[in-house]
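Work through the following exercises with the sequence and the structure side by side. Each task is followed by a solution in steps.

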Amino acid sequence: MRRWLVSLIALLPFSAQADDALIGLGYLNGLVGINLEWATTQNSFFALPAYYVDSSGLDTDEFRWVVGWRHKMERGMMDESGFYTGLMAGDLGGERHYERLGAGFEIGHQWVKPYSRWTVSAAIGALEALECADYKAAIRCDSEEEQEQNDLDIEPVVVLGISYSFRR
């Protein structure tokens with residue numbers, strides 16, 4: 001068992017040494033929250049615990065989240081400015097009253113300074129299918145016809161994001 005675990009860790013596409021621990025603010029398709037990130041030499045892993053915000057203000061009724069992995073393009077290091085690609089998953093639906101999970105492929109650019117980092121990114125992904133009762137009031141899903149009419153299929157999504165983080 002131990003040999004299998006060591007072999008698996010050796011195959012992982014990231015360095016085990018952390019170069020930067022980052023904390024800051026992030027915005028992603030209507031979600032605003034604290035951007036928590038762990039950056040290795042060529043990869044970065046982030047979590048965005050957040051709440052939904054729109055013109056009505058911050059909706060603190062439901063906690064939302066997004067997680068992801070980023071890899072520096074051009075064989076550069078994550079502590080240098082430049083482009084990156086990555087994967088993300090979480091509440092990418094951008095809806096106020098219900099969570100709609102999805103996953104996507106991200107491309108972005110980061111500007112790295114000695115004590116801070118800005119990122120701007122765009123992603124293309126897919127959102128999960130939802131039945132009417134999962135996101136509408138029960139009274140709107142009474143009949144079978146209403147249920148079929150209001151069910152949401154798997155849909156494509158474009159995700160835009162920005163973050164500002166402090167580096168240690």
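## Exercise 1: Strand pairing

Task: find the residue that stands opposite Trp 118 in E8, then trace the sheet from there.

Solution. Trp 118 stands opposite Tyr 164 in E8. Strands here (E, at least two residues) and helices (H or I, at least four residues) are DSSP runs numbered from the N terminus, and two strands pair if DSSP finds at least two bridges between them. Strand E7 covers residues 116-127 and is joined to E8 by 12 bridges, in the antiparallel sense.

E8, residues 155-167, also pairs with E1, residues 20-28, through seven antiparallel bridges. Within that pairing, Gly 24 has Ser 165 of E8 as its bridge partner. Seven bridges likewise link E4 (residues 57-72) with E5 (residues 82-91), again antiparallel. There, Gly 68 faces Met 88 in E5.

The complete order is E1-E2-E3-E4-E5-E6-E7-E8, a closed barrel of eight strands with antiparallel pairing. On average, neighbouring strands of this sheet are turned by 25° against each other, direction ignored; axes are lines fitted to C-alpha atoms, and angles between N-to-C directions run from 0 to 180 degrees.

## Exercise 2: Confidence and overall make-up

Task: state which residues keep a pLDDT under 50, and describe the chain as a whole.

Solution. The model is predicted: local features need pLDDT of at least 70 and side-chain atom pairs count only at pLDDT 80 or more, whereas totals for chains, interfaces and linings use all residues. Residues are numbered from 1 along each chain as its sequence is written, and side-chain values use heavy atoms, with hydrogens and water left out.

The pLDDT, which is the predictor's confidence in each residue from 0 to 100, averages 82 over the protein chain, and 82% of the residues score at least 70. Residues 1-18 are the stretch that stays under 50; the model has 13 contacts for this stretch beyond four places in sequence. A contact means heavy atoms within 4.5 Å.

The protein chain holds three helices and eight strands, in the sequence pattern α-β-β-β-β-β-β-β-α-α-β. Of contacts between residues at least 6 apart in sequence, 53% join residues at least 24 apart. The accessible surface comes to about 10100 Å², with 61% of it belonging to carbon and sulfur atoms; the areas come from the Shrake-Rupley method with a 1.4 Å probe.

## Exercise 3: Buried or exposed?

Task: classify Phe 46, His 109, Leu 36 and Arg 75 as buried, partly exposed or exposed.

Solution. 

1. Phe 46, in strand E3, is buried because its relative accessibility is 6%. Its contacts beyond four places in sequence include Leu 36, Val 66, Val 67 and Met 88. The C-alpha atoms of Phe 46 and Val 67 are 5.6 Å apart.
2. His 109, in strand E6 (residues 101-112), counts as buried at 17%. Among the residues it touches are Phe 83, Tyr 84 and Trp 118.
3. Leu 36, in strand E2, counts as partly exposed at 37%. Its contacts include Leu 22, Ile 23 and Phe 46.
4. Arg 75, in the loop between E4 and E5, is exposed at 76%. Its C-alpha atom is separated by 7.5 Å from that of Gln 42, 33 residues away along the chain.

Conventions. Buried means under 20% relative accessible area, exposed over 50%, partly exposed in between (1.4 Å probe, protein chains only).
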